[in-house]
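Open the model in your viewer and keep the selection panel at hand. We will go from stop to stop.

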Amino acid sequence: FIGDIIDNHFASFHQTDPNGVSGKDELEEAIKMIQDWYEAFPEAYITIGNHDRMASRKAFAASLPKQWVRTYSEVLGTPKWKWVMDVIIDGVRYIHGEGGTARTRAKMDGISTVQGHLHTQAYVEYIIGYDRTIFGLQVGCGIDFEQYAFAYAKAGKSPALACGVVLEGKTGIVVPMTNN
């Protein structure tokens, strides 16, 4: 999972809906949804996204020591999932990403990179060098303007509904989706 698997709209640094869902209700709904994913993928890496980090960022801003904050696995009921900032699998780096694009990150770090975070971009770009080929794969997002969690971006560019697939660490593929 490339990150932002929960929205945490209630705690957003963007303007939130004063009549919106409470933090408790949003978390309970997220836990139900994630349990379906956990059943399908009992062992997985989850790159921690900026929305996933929202509660810990708020705790940090309030000067709460880490010992007071439970882990993602404890809160969401995913004991076998590995919550990481990045992970390398088959020579490909997976990150949620917040500072730039997958193509920039791949070029800068010299490693094939799969990145999320940017809701409006989905692509794969190959960088071919003298002795190796790497790629930057921007996965797009799995949420559209109709979703409550995307309320803060309704006035922005259209989301790139897509997912990324990596074959044997060598081939990156972007699969566009529709919301139909």
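Begin with the cysteines. A search of the whole structure finds zero disulfides, where a disulfide is a pair of cysteine sulfur atoms within 2.5 Å. Before going further, note that this is a predicted model, in which local features need pLDDT of at least 70, side-chain atom pairs count only at pLDDT 80 or more, and totals for chains, interfaces and linings use all residues. Residues are numbered from 1 along each chain as its sequence is written, and side-chain values use heavy atoms, with hydrogens and water left out.

Select Cys141 and Cys163. The sulfur of Cys141 has its closest cysteine sulfur in Cys163, 11 Å away, too far for a bond. Cys141 is buried, at 8% relative accessible area. Cys163 is partly exposed, at 30%. Here buried means under 20% relative accessible area, exposed over 50%, and partly exposed in between, with a 1.4 Å probe and protein chains only.

Next, the aromatic rings. The whole structure holds seven aromatic pairs. Rings of Phe, Tyr and Trp (its six-membered ring) pair if their centres lie within 6.5 Å; planes under 30 degrees apart count as stacked, over 60 as edge-to-face and the rest as tilted.

Select Phe1 and Trp81. Their ring centres are 5.1 Å apart and their planes stand at 40°, so this pair is tilted. Phe1 lies in the segment before helix H1 (23-40), and Trp81 in the loop between helix H3 (72-76) and strand E2 (82-84), so the pair ties together parts 80 residues apart in sequence. Helices (H or I, at least four residues) and strands (E, at least two) are DSSP runs, numbered from the N terminus. Is Trp81 buried or exposed? Trp81 is buried, at 3% relative accessibility. Phe1 is partly exposed, at 34%.

Move to Tyr72 and Trp83. This aromatic pair is stacked, with 4.7 Å centre to centre and 20° between the planes. Tyr72 is in helix H3 and Trp83 in strand E2, so the pair ties together parts 11 residues apart in sequence. Trp83 is buried, at 15% relative accessible area.

With Phe1, Tyr72, Trp81 and Trp83, they form one aromatic cluster.

Go to Arg103 and Tyr123. The charged end of Arg103 sits over the ring of Tyr123, 3.8 Å from its centre. The rule is NZ of Lys or CZ of Arg within 6 Å of the ring centre and within 35 degrees of the ring normal.

Select Ile6, in the segment before H1. Ile6 is buried, at 9% relative accessible area. Leaving aside neighbours within four places in sequence, Ile6 is in contact (heavy atoms within 4.5 Å) with Ala30, Ile34, His51, Asp52 and Leu76.

Then pick Thr133, in strand E7 (residues 133-139). Thr133 is partly exposed, at 47%. The C-alpha atoms of Thr133 and Lys32 are separated by 41 Å.

Last stop: the second largest pocket, with a volume of about 660 Å³. A pocket is an open set of points on a 1 Å grid over the protein atoms alone where a 1.4 Å probe fits, with protein on both sides within 12 Å along at least five of seven lines; lining residues have an atom within 4 Å of a point. The volume is the space filled by probe spheres set on the points, which are joined across faces, edges and corners. Of its 25 lining residues, the closest to the centre are Ala55, Ser56, Val69, Arg70 and Tyr72. Helix H2 gives the most to this lining, with five residues.
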